[in-house]
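Hello,

Here is the structure I promised to pass on to you. Please open it first, and then read my notes below alongside it.

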Amino acid sequence: MSEYPDLYSCTVLVGKNTDKTFETQPVGDVPMSQKGEQDTYLLGSEKSALQRYRLFNEIYMPGTTQRLANLSLAPDSEVLEIGCGIGETACYFAQHLVPDGHVTAFDKAPDLVELARQRSAELGIENISFFCESAQDFSFEAGRFGFAHTRYVLSYLSDAAAILQKIHKSLAPSGIFLGEEIAQLYVKDGRAAWYENMTGWFAGLIKAGGGNPNYGLDAMPADMIAAGFTGLDVSAYWPFEDQQKVVDTLRIALTREMKQAIVGLNLASGEDVDDVASNLAMTKRDYRISASAAIQITGKKAL
């Protein structure tokens with residue numbers, strides 16, 4: 001239980017279907033021999049994952065833009081994007097958030113950085129720079145950025161608290177950080193066992209890399225405060241109105257890059273994964289397939 005319970009008093013029962021009861025998703029442990037920071041993404045970082053990443057961005061980007069509308073950011077600001085993936089969000093920042101400023105974005109996956117550079121070139125964006133580095137190795141220039149952003153990055157890291165300290169250092173006085181994470185929730189409504197298995201596998205993959213699948217709720221606010229952020233604003237929303245995109249994203253993941261990781265870590269057999277993928281293929285569009293909420297936390301660097 002967090003030492004800041006007041007921060008979470010209304011974060012998980014947000015959006016539709018709030019008549020149901022939620023708890024954080026219970027996650028089985030991963031053998032210690034299989035834990036530790038991964039050199040590559042367990043969730044897939046090859047060019048073949050492009051379709052899934054684009055769907056993922058289409059699902060979550062509306063919530064990001066809505067939160068940005070409430071932030072006061074000068075159009076000539078310097079922006080830092082940590083874990084940029086295929087660059088869709090960084091490109092949006094460069095075009096719409098800071099058209100007179102500059103965006104610095106990095107990711108540790110070479111294939112994804114290449115795709116990000118291609119995308120910015122296709123859009124004719126010049127005020128953006130992409131780098132292939134990890135959050136641990138990236139040089140966070142002190143006091144440079146007016147805004148920094150991560151989306152579903154910190155929960156995968158074993159040293160998230162240290163990265164938050166680096167982000168805080170990189171911000172200029174009054175600079176703003178927006179961190180977005182997913183809270184894995186358990187829905188007490190008689191949901192099929194195959195669905196609970198799937199959410200447990202995804203959480204197990206994160207734990208296998210040394211991360212915390214519920215970092216946004218369990219530790220992130222406290223870590224931000226310890227890093228020096230002030231004026232924390234915690235909220236959550238339900239980003240899954242287009243259920244077909246959610247189903248397609250999960251099905252692609254289970255039939256491609258994630259299947260190998262799930263089986264390799266002994267989280268499930270290949271037959272079990274195939275069975276869940278088959279259930280997803282038959283899922284109706286009106287089925288509330290997601291038991292997750294998007295957690296958004298902003299904090300400022302003091303003057």
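The largest nonpolar core of this predicted model has 29 residues, and those touching the most other members are Tyr60, Met198, Trp201, Leu254, Ile262, Val276 and Leu280. Five helices are listed as giving two or more residues to this core: H1 (50-68), H5 (193-208), H8 (243-255), H9 and H10. Helix H5 contributes the most, with seven residues.

Next, the aromatic rings. The count comes to 10 aromatic pairs. One of them is formed by Phe56 and Tyr60, a tilted pair with 4.6 Å centre to centre and 45° between the planes. These two residues are four apart in helix H1, so about one helical turn separates them. Are they buried or exposed? Phe56 is partly exposed, at 24% relative accessible area, whereas Tyr60 is buried, at 5%.

Phe177 and Phe229 make another tilted pair, with 5.6 Å centre to centre and 35° between the planes. This pair links distant parts of the chain: Phe177 belongs to strand S6 (residues 171-187) and Phe229 to strand S7 (residues 229-237), 52 residues apart.

Phe106, Phe131, Phe138 and Phe140 form one aromatic cluster. Arg52, for its part, lies over the face of Tyr53, at 4.9 Å from the ring centre.

Finally, a word on the backbone. Tyr152 is buried, at 7% relative accessibility. Asn266 also has a positive phi, near 60°, without being a glycine. Asn266 sits in the loop between helix H9 (257-264) and helix H10 (270-281) and is exposed, with a relative accessible area of 63%.

Enjoy looking around, and do write back with any questions.

Best wishes

Technical notes: Residues numbered from 1 in each chain as written. Predicted model: local features only at pLDDT ≥ 70, side-chain atom pairs only at ≥ 80, totals over all residues. Heavy atoms only, no water. Buried < 20%, exposed > 50% of the residue type's maximum accessible area, 1.4 Å probe, protein only. Core = buried A, V, L, I, M, F, W, Y, C linked by side-chain atoms within 4.5 Å. Phe/Tyr/Trp six-rings, centres within 6.5 Å; stacked < 30°, edge-to-face > 60°. Lys NZ or Arg CZ within 6 Å of the ring centre and 35° of its normal.
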